[in-house]
Amino acid sequence: MSHGRRSVTAFFTAGVLAVPFLAGCGADEDEAGKPLAGQDIAPVARDLVADGSILKWAVDAVPATLNTFQADADTGTNRIAQAVLPSLFRLDAGGRPVPNPAYLESAKVIETEPRQVVLYKLNQQAVWSDGREIGASDFLAQWRALSGKNTAYWTARNAGYDRIAKIERGASDLQVRVTFARPYADWKSLFSPLYPKEVMGTPEAFNDEARRRLKVTAGPFTVDKVDTADKDVVLSRNPRWWGRSAKLSEIVLHAVPRDKRAEALADGSVDVADVDPADAQRIGLAAHGTANPMQGSGRTSVKKLRAWALAHDFGADAARAGENKLHKAIAEYLDEQLALRDVEVRRSLEPAYTQLALNGSEGPLADDRVRRAVARALDRKELARLVLTPLGLPAVPVGSHLALSGQAAYADDSGAVGGQDTKEAQALLADAGWVSGGPIKGAKKGEKAAGAESDREGKQGKQDRGEGEKSDGGRDGEYIVGEDDKNGDGGDRHLAQEGRNGGVPGAYAPKGTAAAAAPAAPLAKDGKALTLRFVLPSGAGSETLNSVAERISAMLERLGIRTTIIKVSDESYFKDHIASGDYDLALYSWPSSAFPATDDRPVYAKPVPAADGSVNVEQNYTRVGTDQVDQLFDEAAATLDEGKAVSLIRKADARIWAAAGSIPLYQRPQLVAVRKNLVNVGAFGFQTPVYEDMGFLKKGAKISPSPKN
């Protein structure tokens with residue numbers, strides 16, 4: 001669920017979080033629409049699921065902590081919490097919270113004056129794994145740990161808990177009264193997950209003990225062991241679970257690198273894994289059979305074998321290998337392809353979106369006219385098609401920073417900045433003093449020239465960027481879009497390279513894409529060219545992200561804006577560049593929250609100068625914010641009129657669009673490879689997984705085909 005701080009993710013990583021159903025006066029419910037893509041999990045009735053199997057699930061890494069309220073909690077931490085701890089509210093298919101009947105009989109606001117009071121009535125069967133009833137003492141311990149008043153607790157998130165005045169037992173042990181000091185609209189975000197008082201009761205248990213073990217839990221599964229050596233977390237069926245018994249006897253979360261997941265699925269070491277578009281395409285090819293280049297009459301030439309290896313994305317090393325090694329590599333690949341026939345890709349859209357971030361703290365983008373010109377240069381529909389159409393997913397641009405289609409607060413507010421309009425973008429740039437073809441002082445071909453770019457060079461930045469190295473799209477380094485383009489193709493040469501057979505779907509334009517317009521003369525002001533540093537990750541899985549950046553650069557080049565594309569390691573991308581403000585343009589993703597008034601405020605809050613001269617940006621990595629946006633968030637968080645809260649969130653979003661610090665582009669694809677006989681598992685979309693229903697299909701049972709969105 002939500003705890004007042006969102007996890008930012010690049011396109012190549014996973015990561016997502018968890019408002020009330022907001023209806024009533026002040027907001028048009030129809031604007032929220034429906035989710036663009038539904039779940040794809042092969043749903044079947046529980047009586048068709050076999051009992052007692054073990055599910056092996058690939059994760060990025062063994063979580064550093066089992067405490068979701070700590071700073072280094074990740075998606076693995078959240079997945080474990082969903083399976084082993086109470087969540088009083090779960091998300092439905094529209095990304096809206098609904099009471100979880102396993103733990104709640106009801107939860108509602110029973111008083112608003114003089115203070116807001118929420119009464120929780122707990123399921124009378126709900127107990128911790130040690131047999132103790134879940135009750136007010138657990139709520140009280142969690143509030144005290146997360147209120148922010150005791151700094152001995154190393155908490156990452158306190159939002160909402162800091163508004164509580166007191167917690168007390170209700171009319172019975174099954175009732176909990178929570179009284180708020182200030183009205184709090186997002187009260188449904190609290191106590192999900194709920195930890196036992198054994199974890200929250202002392203700073204030592206919270207800070208240290210809960211990182212590696214949870215002795216007391218209350219879900220369909222318990223944490224059996226965390227094995228860092230084997231890179232496993234084993235969840236076992238909870239014998240004290242009072243709900244529907246889990247079909248699986250164990251869930252093993254096994255750390256597998258993204259580029260090794262197809263191999264792991266083929267050899268059976270995992271049964272389900274999030275995969276990148278390249279592996280999704282490979283699994284799709286396996287279902288139809290893969291041609292063997294070594295079959296047929298006569299001997300296949302090494303040249304043809306190498307061409308086949310390149311076409312099937314073997315990489316340069318395999319393609320340059322000698323004949324014997326090449327034969328062996330191809331044979332292993334074909335064996336894996338045969339094994340992958342038992343696997344399929346289930347697909348939806350993640351509850352997260354990818355955005356173009358514009359650093360407004362200094363340089364040309366500190367001028368809102370330049371930021372708005374960049375926004376008006378983008379054809380967001382084309383960018384959505386670039387990524388999603390090859391994957392068979394709806395290619396609809398995201399129209400809100402604060403919600404996604406289907407969520408209550410969603411409305412397309414992009415009109416506040418305007419759609420793609422070259423003339424309007426040119427007018428904005430001219431008004432800001434940028435002249436087409438103007439003189440550039442001391443300009444040399446390939447030399448960086450823009451704004452604050454030359455002022456922010458440091459030793460670490462130069463090392464990360466591989467200073468002076470021209471990039472061919474596959475190495476760390478940098479290049480200026482347009483200046484290394486000897487073929488006059490407007491920067492799309494790199495996209496074409498990604499479109500080889502066996503390459504990454506989504507990393508090339510769909511058929512029928514119009515040719516790029518001729519680049520405009522460079523813009524200049526005060527002797528400096530308008531060149532923006534576009535910082536990107538270079539690791540495995542970033543191909544699509546890099547291709548989107550290439551297309552954006554080509555769009556900007558039509559205005560005369562040059563971009564220096566800088567590729568850095570995944571490890572330094574956020575820490576050394578995004579968080580520190582060492583970029584002009586960047587691409588990264590935000591999860592969509594069901595509680596935007598709480599979770600999105602730190603992302604768009606106006607940066608505040610600190611006493612030591614630094615600036616507190618919270619999670620606003622673009623450094624663009626306004627007092628009006630902050631006020632709207634505060635009002636939305638404090639109103640208990642749900643319709644009014646939606647209206648305030650939409651007004652805040654329109655102002656965020658107008659400031660043009662970030663431009664939402666498209667909802668991220670969710671591609672999950674699973675064994676074909678695995679059911680109630682896959683691409684969950686918005687909805688919280690139901691772990692007790694997951695399992696393998698009984699022999700002889702069949703999965704009914706479900707309509708694809």
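Q: Which residues of helix α4 are buried?
A: In this predicted model, helix α4 covers residues 203-212, and its buried residues are Pro203, Ala205, Phe206, Asn207 and Ala210.

Q: And what do they pack against?
A: The buried residues of α4 pack against helix α2 and against α3, which spans 197-200.

Q: Say I pick Gln142, where is that found, and is it buried or exposed?
A: Gln142 is found in helix α2, and it counts as buried because its relative accessibility is 0%, where the cut-off for buried is under 20%.

Q: What does Gln142 touch, leaving out residues up to four places away in sequence?
A: With those residues left out, Gln142 touches Phe69, Tyr161, Phe191, Pro193, Leu194, Tyr195 and Met200.

Q: Several of those are aromatic, so how many aromatic pairs does a search of the whole structure find?
A: The search finds 19 aromatic pairs. One of them joins Tyr120 and Phe139, whose ring centres are 5.4 Å apart and whose planes stand at 50 degrees, so the pair is described as tilted. This pair links distant parts of the chain, with Tyr120 in strand β5 and Phe139 in helix α2, 19 residues apart.

Q: Are those two buried or exposed?
A: Tyr120 is buried, with a relative accessible area of 1%, and Phe139 also counts as buried, at 0% relative accessibility.

Q: What about the rings of Tyr120 and Phe191, how are they arranged?
A: The centres of the Tyr120 and Phe191 rings lie 6.1 Å apart with the planes at 85 degrees, so that pair is edge-to-face. Because Tyr120 lies in strand β5 while Phe191 lies in the loop between β7 and α3, the pair ties together parts that are 71 residues apart in sequence. Phe191 is buried, as is Tyr120.

Q: Which residues do ring pairs link into a cluster?
A: The cluster linked by ring pairs consists of Phe69, Phe89, Tyr120, Phe139, Tyr161, Trp187, Phe191 and Tyr195.

Q: Switching to strands, what is the order in the open sheet of four strands?
A: The order is β4-β5-β7-β6, and the pairing is antiparallel. Strands β4 (104-111) and β6 (164-169) stand at the edges with a single partner strand each, so one side of each is left without a neighbour in the sheet. From one strand to the next, the twist averages 15 degrees.

Q: How many bridges join β6 to β7, and which residue is the partner of Glu168?
A: Five bridges join β6 to the antiparallel strand β7, residues 175-180, and the bridge partner of Glu168 in β7 is Arg177.

Q: Which helix packs on that sheet?
A: Helix α2, residues 136-146, packs on the sheet and touches β5 (117-122), β6 and β7, while its direction makes about 160 degrees with that of β6.

Q: In which sense do β17 and β18 pair, and through which helix does the chain cross?
A: Strand β17 (531-537) pairs with β18 in the parallel sense over seven bridges, and Thr531 stands opposite Arg562 in β18. The chain passes from β17 through helix α15 (543-557) to β18, and this β-α-β crossover is right-handed.

Conventions:
Residues numbered from 1 in each chain as written. Predicted model: local features only at pLDDT ≥ 70, side-chain atom pairs only at ≥ 80, totals over all residues. Heavy atoms only, no water. Pairing = 2+ DSSP bridges. Helix = DSSP H or I, 4+ residues; strand = E, 2+ residues; numbered from the N terminus. Axes fitted to C-alpha atoms, helices over the stretch in contact; angles between N-to-C directions. Contact = heavy atoms within 4.5 Å. Right-handed = clockwise from strand over helix to strand, strands pointing away. Buried < 20%, exposed > 50% of the residue type's maximum accessible area, 1.4 Å probe, protein only. Phe/Tyr/Trp six-rings, centres within 6.5 Å; stacked < 30°, edge-to-face > 60°.
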